[in-house]
Amino acid sequence: MKENRLIETFIDLVEISSPSGCERGVADYIKDALGTVCKKIVEDTAGEKLGGNAGNVTVFIEGSENSLEPLIFCAHMDCVVPCENVVPVKDGDIIKSNGDTILGADDKAGIAMLIETARVIKEDSIKTPDIYYLFTISEEVGLHGAKNMNLDNVPKGYAFVLDGESTVGTITVASPNSEKFRIRVKGKAAHAGIEPERGVNAIQIASKAIAKLPMGRIDKQTSINIGKIHGGHARNVVPDNVVVEGEIRSFSKKKLDSLLEKIESIFSEEAEIGLGLFSLKHESEFTGFQLSDSDDVVKIALEGARRKDIKTKTIKSGGGSDANVFNEKGISAVVLAIGFENAHTKSEQINITNLKMGVDFIMGIIEASGCAD
Ligand SMILES: [Zn+2]
């Protein structure tokens, strides 16, 4: 590994603006960096479908160890805002932004690690199984790139999504199902002072229902949140319309479904009492997964870390990532932490030790890829 080259790649990447839907610059940078190093690079048409300016990029590194299952590494190319005109600042071992924007180590640290790894494989003629890099678009706004990715040409191997906060060595092996919902309560508008009797107050119906809902952490597996509410027109008008938005997350699909039913029945009851109407729409945000130390993809990650003396910790996450989508599509995937801290804030940072350790970990995984057989 060439430390300076790795840092340079990382700095180059964070200096390219790439809010969700505008990943063109990063996609082109990857193609440029890996064009001569890898066998094949393909960009799909998911971007067109999603209204963005770039598609998901798949990089194929042909391996010599054909008896082994292919390895898949993934990182997303988009960042949360504010991520334009990032000015990275190096402060000892730490790289951060100048405070005006996020840094974008989430997830450009992952991309930089993968580029460096590909270069090292080529330069040192390292024996590997077939390796696929999947660089996705629009992850931050709902995993849309991965959801719309054509995986026909990617064999079912073991996938490692480089997208976790915390120190390198932390491996996320489980993530919940997440369902978002939107409830519309309809009342009847009337002048609030002259004829309030003619009105049906949608805000009151929604409030009574929300007050009856379980909220926050329900149990070890499940959480629920009402995150947004809007409605009404004016102070002196009985409100006829309220929209309530929320989500349920649970490792148990059964619990999630029963909570959804409970929400529906509480709103139904309160709408009936208040003489209003309501409708509920819900949609899966992502499907959960639960792996354990006996799953091959976890075994490979643990063995890879052991070979490089990296301390490991397996955790369950409450969040979702591209790994949820891959697991749902039949590719076993875990999330690897890559060392960024305070993601999605202007104080986001990463230390160079983690950046290097990430490359080591990937090399360890490649070395360990035979251990699951
Ligand atoms: Zn991320």
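This is a predicted model: local features need pLDDT of at least 70, side-chain atom pairs count only at pLDDT 80 or more; totals for chains, interfaces and linings use all residues.
I'll start with the five-stranded sheet. It is open, its strands come in the order E10-E11-E12-E9-E13, and the pairing is antiparallel. Which strands stand at the edges here? They are E10, residues 216-219, and E13, residues 277-286. Each of these two has a single partner strand, so one side of each has no neighbour in the sheet. On average, neighbouring strands are turned by 20° against each other, if direction is ignored.

Strand E9, residues 177-186, runs antiparallel to E13, and nine bridges join them.

Helix H7, residues 253-273, lies across E9, E11, E12 and E13, and runs at about 5° to E9. Helix H6, residues 202-212, lies across E9, E11 and E12, where E11 is 222-231 and E12 is 241-250. The angle between H6 and E12 is about 20°.

Which residues of H6 are buried? Ala-202, Ile-205, Ala-206 and Ala-209 are. Looking down the axis of H6, the buried residues fall within an arc of 95°, so they line one face of the helix. What do they pack against? The buried residues of H6 pack against E9, E11 and E12, and also against helix H7.

Next, the three-stranded sheet. It is also open and antiparallel, with the order E4-E5-E17. Strand E4, residues 88-91, and strand E17, residues 349-351, stand at the edges; each has a single partner strand, so one side of each is left without a neighbour in the sheet. The twist from one strand to the next averages 20°. Strand E5, residues 94-97, pairs with E17 over three antiparallel bridges, and Ile-95 stands opposite Ile-350 in E17.

A helix lies on this sheet as well. H10 lies across E5 and E17, at about 70° to E17.

H10 also meets another helix. Two packed helices are described by the angle and the distance between their axes. For helix H8, residues 296-307, and helix H10, residues 352-368, the axes come within 7 Å and cross at roughly 115°. The crossing is right-handed. On the H8 side, the residues are Ile-300, Ala-301, Glu-303, Gly-304, Ala-305 and Arg-307. On the H10 side, they are Phe-361, Gly-364, Ile-365, Glu-367 and Ala-368. Sorted by class, this contact has six nonpolar, two polar and three charged residues.

Last, a single residue. Ile-331 is in the loop between helix H9, 322-328, and strand E16, 332-337. Is Ile-331 buried or exposed? There are 22 other C-beta atoms within 10 Å, and the cut-off for buried is 20 or more, so Ile-331 counts as buried. Which residues does Ile-331 contact, leaving aside neighbours within four places in sequence? They are Ile-72, Lys-156, Gly-157, Ala-159 and Phe-326.

Definitions and conventions. Residues are numbered from 1 along each chain as its sequence is written. Axes are lines fitted to C-alpha atoms, for helices over the stretch in contact, and angles run from 0 to 180 degrees between N-to-C directions. Helices (H or I, at least four residues) and strands (E, at least two) are DSSP runs, numbered from the N terminus. A crossing is left-handed if the near helix is turned anticlockwise from the far one by less than a right angle, and right-handed if clockwise. Two residues are in contact if their C-beta atoms, placed from the backbone, lie within 7 Å. Ala, Val, Leu, Ile, Met, Phe, Trp, Tyr, Cys and Pro count as nonpolar, Asp, Glu, Lys and Arg as charged, and the others, Gly among them, as polar. Two strands pair if DSSP finds at least two bridges between them. A residue is buried if 20 or more other C-beta atoms lie within 10 Å of its own, exposed if 12 or fewer, and partly exposed in between; C-beta atoms are placed from the backbone. The arc is that of the directions from the helix axis to the C-beta atoms.
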